[in-house]
Amino acid sequence: MDIVLEIADTFLLDKLYANLFPASLSNNLPSNLKPYFNNFNSTSPFSSENTLLASKLSASGTWSTIFETIEGVGNIPERGNDIYGLSPTHFFPETCYTYASMLPRSNMIRQAISLSIIMCVFGWLLYFVTASVSYYLVFDKSIFNHPRYLKNQMSLEIKQASSAIPIMVLLTLPWFLLELRGYSKLYLNVDETTGGWKAVAFQYVAFILFTDCGIYFIHRILHYPPIYKKLHKPHHKWIVCTPFASHAFHPVDGYMQSLPYHWYPFIFPLHKISYLFLFTFVNFWTVMIHDGEYLSNDPVVNGAACHTVHHLYFNYNYGQFTTLWDRLGGSYRKPDQELFDRKAKVDKNVWNEQAKKMDVIRNEVEGKNDDRIYGTEETLKRRVAKKL
Ligand SMILES: [Zn+2]
Ligand SMILES: [Zn+2]
């Protein structure tokens with residue numbers, strides 16, 4: 001995330017913080033508050049004296065104390081030198097605004113505010129753009145007439161996802177901050193010491209395999225009845241999905257399923273650009289497995305057809321990228337062949353058959369009381385009727 005912050009700080013936020021909280025303001029602060037708003041005025045923090053001062057000041061914040069304590073317990077890898085705001089910039093030279101605020105780049109309060117806003121806007125953008133593209137170009141809208149489609153389901157999905165994304169970002173913030181403070185194994189230089197490009201290529205495979213395994217077990221825990229009822233049921237409200245169901249979770253559910261993505265760079269080395277790419281890719285993949293376009297009938301890939309089976313029949317196909325852990329865990333269910341046949345996929349008899357089978361399992365999982373209101377997209381229906 002230091003790359004993201006470096007871009008945002010260089011082109012926008014340094015100037016904004018300098019105007020809102022100029023460095024001169026810190027002179028008026030009581031002396032006991034000053035260490036929390038350290039600034040280096042116009043001097044570079046990279047002289048040895050200032051680097052020492054910087055680490056002392058950064059360690060005086062409450063969050064830093066917590067991090068130091070965690071470090072003492074030994075669960076976090078040894079802290080590297082790559083601390084955002086204290087180590088040299090990666091891509092862009094410093095400007096006249098870089099040290100012009102009483103909240104310097106290394107200040108954790110500033111980092112938390114900046115990242116919360118950036119990640120929330122990025123999360124919404126990624127969700128709306130990817131799901132909209134999928135909706136207009138890929139998604140088969142005949143599903144609106146499926147007997148288990150909810151009344152105005154798409155707006156319910158959008159409401160759930162857009163309100164969950166900011167809370168998921170806040171829950172994720174400690175991982176991003178730990179990473180900015182240099183506790184992760186993220187790196188930028190590709191050379192012999194870091195294993196070269198071979199290591200980078202290997203990381204893509206390792207990241208997918210590691211997170212696939214992690215999500216499988218977390219997803220199974222989320223289906224444990226007391227947890228399911230409280231956290232995971234909001235995502236299973238959607239029996240048949242639109243692309244907008246992809247991020248429509250209870251925020252704690254969405255956060256829990258994203259944990260392996262944040263664990264990985266604290267356990268294994270990972271290139272910083274790959275991390276950003278993979279972070280975007282996993283969000284993209286989440287939309288793809290909800291768009292109902294059954295491209296893959298591959299026995300290994302957990303595609304949209306497999307995830308459709310999970311939403312229809314609850315107790316199968318918990319995986320995210322592959323079917324490996326479902327096969328090992330005895331929860332794999334091969335998607336019905338009808339799902340790959342353009343006509344049969346939207347056949348009313350097939351749908352009724354699915355609804356019958358699904359009702360039996362839903363009764364077992366959730367009990368006899370079903371609080372869903374089934375229907376169709378009312379506005380779209382009215383629009384179609386007007387055109388006719
Ligand atoms: Zn589930
Ligand atoms: Zn889902």
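Leaving out neighbours within four places in sequence, alanine 8 is in contact with Leu13, Ser114 and Ile118 in this predicted model. Alanine 8 belongs to helix α1, which covers residues 2–20, and although 110 residues of sequence lie between the positions of alanine 8 and isoleucine 118, their C-alpha atoms are 8.5 Å apart in space. The protein as a whole has 13 helices and 2 strands, and 34% of its 388 residues are buried.

- Threonine 95, which is found in the loop between α3 (62–73) and α4 (108–137), touches Thr10 and Asp14 when residues up to four places away in sequence are not counted.
- Threonine 95 and threonine 10 are 85 residues apart along the chain, while the separation of their C-alpha atoms is 7.4 Å.
- Threonine 95 is also partly exposed, because it has 14 C-beta neighbours inside 10 Å.

**Packing of α5 against α8**

- Helix α5, made of residues 153–180, packs with helix α8, made of residues 251–267, at an angle of about 25° and with the two axes 9 Å apart.
- Since angles under 35 degrees count as roughly parallel, α5 and α8 are described as roughly parallel to each other, and their crossing is right-handed.
- On the α5 side the contact is made by Ala164, Ile167, Met168, Leu171, Thr172, Trp175 and Glu179, and on the α8 side by Pro251, Gly254, Tyr255, Ser258, His262 and Pro265.
- Sorted by class, the residues in this contact of α5 with α8 are 8 nonpolar, 4 polar and 1 charged.

**Annotated transmembrane regions**

- An unreviewed UniProt entry carries the annotation "transmembrane region" for residues 112–138, 158–178, 199–218 and 263–285.
- In the model, the span of residues 112–138 is 96% helix and 0% strand, and its end C-alpha atoms lie 37 Å apart.
- The span of residues 199–218 is 100% helix and 0% strand, with 28 Å between its end C-alpha atoms.

Technical notes:
Residues are numbered from 1 along each chain as its sequence is written. Chains are lettered from A and ligands numbered from 1 in the order in which they are written. This is a predicted model: local features need pLDDT of at least 70, side-chain atom pairs count only at pLDDT 80 or more; totals for chains, interfaces and linings use all residues. UniProt positions are given in the numbering used here, feature names are shortened, and annotations may be inferred rather than shown by experiment. Helices (H or I, at least four residues) and strands (E, at least two) are DSSP runs, numbered from the N terminus. Two residues are in contact if their C-beta atoms, placed from the backbone, lie within 7 Å. Axes are lines fitted to C-alpha atoms, for helices over the stretch in contact, and angles run from 0 to 180 degrees between N-to-C directions. Angles under 35 degrees count as roughly parallel, over 145 as roughly antiparallel, 65 to 115 as roughly perpendicular and the rest as oblique. A crossing is left-handed if the near helix is turned anticlockwise from the far one by less than a right angle, and right-handed if clockwise. Ala, Val, Leu, Ile, Met, Phe, Trp, Tyr, Cys and Pro count as nonpolar, Asp, Glu, Lys and Arg as charged, and the others, Gly among them, as polar. A residue is buried if 20 or more other C-beta atoms lie within 10 Å of its own, exposed if 12 or fewer, and partly exposed in between; C-beta atoms are placed from the backbone.
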